[in-house]
Amino acid sequence: MSPLPRLLLTIALCLSFAGVASAGQFQQKLFAAKSYAGSRDRQYQVFVPTSYIGQSAVPMVMVLHGCQQTEVNMINETGFKDLAERDGFIAVYPFITSYDGLRNTNCWGFFLNQHIHQGAGEVEDLHQIALEVEAAFKIDPNRRYVTGLSSGAGMSVALAVAQSEYFAAAGSVEGLPYSETSSSVGFVCANKGTFKPISADVAAMQAEQGRPDEQRAIPMMAIHSRNDCVVNILGSENIRDSWIRRYGVNPTAVATADCTKQGVACTQTKYGTLQRSVVETVFYDGKRGDIIGTGTHYWVGDNSGQFADPTGPSASELQWAFFKAHPFTENSPPAVSISSATASGTSVTVSGSASASAGSVVEVAVRLDGSFPQPQKIASGTTAWTVAFGNVPNNANYLPVATAKDNDGATASAAGNPVKVGSPPPNIPPVIAINNVSVTGDCVTVTGTASDPEGQLATAEVELGTRGLKPAALSQNEYKYQECGLPGGTYSTQARATDRPGATSVIVSGPSATVSDLQVVTANWQVHMSAGRLRLYAAPCPSVGFGVCDAGFSEIFLANQFNPFPLHRKATATDWYLRPENIH
């Protein structure tokens with residue numbers, strides 16, 4: 001996506017956040033491209049519920065947008081933000097940001113071989129984003145989930161297959177099976193699309209899941225309209241059938257329930273066992289749309305949007321109930337602790353214990369963080385374990401981190417106390433700088449650099465005016481902070497960094513930021529009209545009739561067609577304008 005449309009979408013996102021500022025908090029994050037093939041810089045949003053204080057581990061749900069969408073759509077048009085606030089979990093909304101290959105705007109590459117295998121491309125980037133969230137928040141390793149709409153559903157299915165040892169369960173709304181091709185998308189009612197045979201889907205799943213720890217049957221819920229003309233319901237039927245064959249599930253349903261809501265007929269069917277299903281389908285009688293099927297492909301039952309319709313069973317509620325019923329294992333994840341970390345010369349020995357509430361601990365891995373990070377080593381022993389690191393660089397501090405894995409593949413990590421090797425120099429506080437401050441609508445963005453001489457940078461925080469220091473998104477030694485929904489006025493900017501031992505940098509100041517009292521919303525004309533911004537205007541507006549206060553609809557449509565465009569108004573006014581210079 002070019003910079004201008006992305007900028008306009010960011011403005012719209014900021015305005016949407018303004019209405020929910022008191023109910024949880026959004027944090028904008030940056031994912032820096034890694035060295036593996038197909039990795040790219042990506043942006044994502046994290047919703048942190050009001051109840052989260054970092055003491056207890058909480059579930060995480062990743063929600064993926066479809067084609068012609070961004071993470072903004074999934075934030076505004078699904079119900080996961082409200083569910084996260086109500087039930088106290090972290091919601092993650094990635095934005096594809098950029099992409100390769102021939103595809104529709106902002107489509108995830110679920111149909112491209114380079115993006116659906118562990119260790120490369122978009123599947124690995126999304127896994128790494130989830131790991132970044134885990135590093136910033138206390139996430140329950142037994143409750144990591146992913147879902148999406150359309151191409152996002154296809155990528156959710158790809159993640160379920162390629163990262164089955166990481167995600168507890170997955171969902172798909174109007175999606176397609178693993179390794180399916182783009183020819184399966186029909187676009188119009190007269191074309192159902194061309195699908196691969198189920199045997200080919202299963203073979204691709206088996207080829208991807210070759211390791212012993214990848215044989216777990218990851219639970220899947222597939223939601224689909226029987227009237228979808230863009231992606232035929234065969235897509236979700238094939239998800240169901242490929243899951244049944246891949247994991248040896250009895251094809252006879254164990255339960256069927258009526259999920260009809262608001263007059264929309266709906267059937268939920270479960271396969272597996274009554275105690276724990278492996279795959280569930282939710283098939284409903286969605287809208288039929290126009291003669292070529294426009295309006296049949298959408299997220300159902302939550303909010304309105306270009307690809308969302310509130311009428312019918314809630315896709316968010318159905319999937320969240322499914323996720324809650326499907327932790328990674330029915331048992332609690334393992335526990336691990338570090339009892340000692342000692343240095344002798346340039347060797348470090350770390351010891352501890354691990355346990356599993358059911359089953360057994362199969363492995364404990366330990367790494368050393370610090371100025372000279374030492375890669376992960378497998379410890380000797382499991383319930384009681386020990387590991388030694390030899391010939392580590394002298395005169396440095398090291399922080400041991402242990403990760404235990406049980407026989408179900410569930411993991412848990414714990415950090416120990418820092419250990420000194422030789423005579424490390426006194427802890428030098430980190431440093432931070434503000435490099436740029438920008439204003440977009442009612443959003444202020446602060447970017448800069450932060451570093452720690454010992455390589456133990458922990459956090460970067462930014463304060464706007466007197467609004468208090470708040471955490472910024474860290475990516476290596478760069479940080480970004482964005483706050484939206486700000487009242488008009490001028491805000492000073494300050495930043496502070498903290499390292500893991502707790503030393504803080506000098507608080508630095510940057511340029512002030514001035515936020516206008518004008519509101520800006522960017523959308524296409526259908527969304528503007530449904531929100532009441534495009535409507536009938538009367539005198540004293542200079543443009544009388546259907547449109548906005550200073551321009552008629554014909555002028556707007558000829559200039560923009562179906563593309564997004566901004567409308568403006570004063571925060572205290574009701575009339576919208578095409579040109580901000582006309583607002584008095």
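This is a predicted model: local features need pLDDT of at least 70, side-chain atom pairs count only at pLDDT 80 or more; totals for chains, interfaces and linings use all residues.
Local features need pLDDT of at least 70 and side-chain atom pairs count only at pLDDT 80 or more, while totals for chains, interfaces and linings use all residues. Residues are numbered from 1 along each chain as its sequence is written, and side-chain values use heavy atoms, with hydrogens and water left out.

**View 1. Helix H4 and its cover.** H4 runs over residues 121-136; helices (H or I, at least four residues) and strands (E, at least two) are DSSP runs, numbered from the N terminus. Its 16 residues reach 23 Å from the first C-alpha to the last, close to the 22 Å expected at 1.5 Å a residue (the expected span is 1.5 Å times one less than the number of residues). Look for its buried residues, among them Leu126, Ile129, Ala130 and Val133; buried means under 20% relative accessible area, exposed over 50%, and partly exposed in between (1.4 Å probe, protein chains only). Their cover includes strands S1 (25-31) and S2 (42-48), as well as helix H5 (151-162).

**View 2. Helix H5, a mostly covered helix.** H5 has 12 residues and reaches 16 Å between its first and last C-alpha, close to the 16 Å expected at 1.5 Å a residue. Here 12 of its 12 residues are buried, including Ser151, Met155, Leu159 and Ala162.

View 3. Four strands line up in the order S24-S23-S27-S28, with antiparallel pairing. S24 (470-471) and S28 (508-515) stand at the edges with a single partner strand each, so one side of each has no neighbour in the sheet. Strands of a sheet pair through backbone hydrogen bonds, either parallel or antiparallel. S23 (residues 457-464) and S27 (residues 489-499) pair over seven bridges; two strands pair if DSSP finds at least two bridges between them. Glu461 lies in S23 and stands opposite Arg496 in S27. Glu461 counts as buried because its relative accessibility is 15%. Leaving out residues up to four places away in sequence, Glu461 touches residues including Leu469, Pro471 and Arg496 (contact means heavy atoms within 4.5 Å).

**View 4. A nonpolar surface patch.** Phe187, Val188 and Ile292 make a patch of about 280 Å². Patch residues have over 30% relative accessible area and no salt bridge, and nonpolar side chains (Val, Leu, Ile, Met, Phe, Trp, Tyr) are joined within 5 Å, like charges within 9 Å. A salt bridge is a side-chain nitrogen of Lys or Arg within 4 Å of a carboxyl oxygen of Asp or Glu. Val188 sits in the loop between strand S6 (169-173) and helix H6 (198-208), and is partly exposed, with a relative accessible area of 32%.

Notes. Accessible areas come from the Shrake-Rupley method with a 1.4 Å probe; for residues, only the protein chains shown count as cover.
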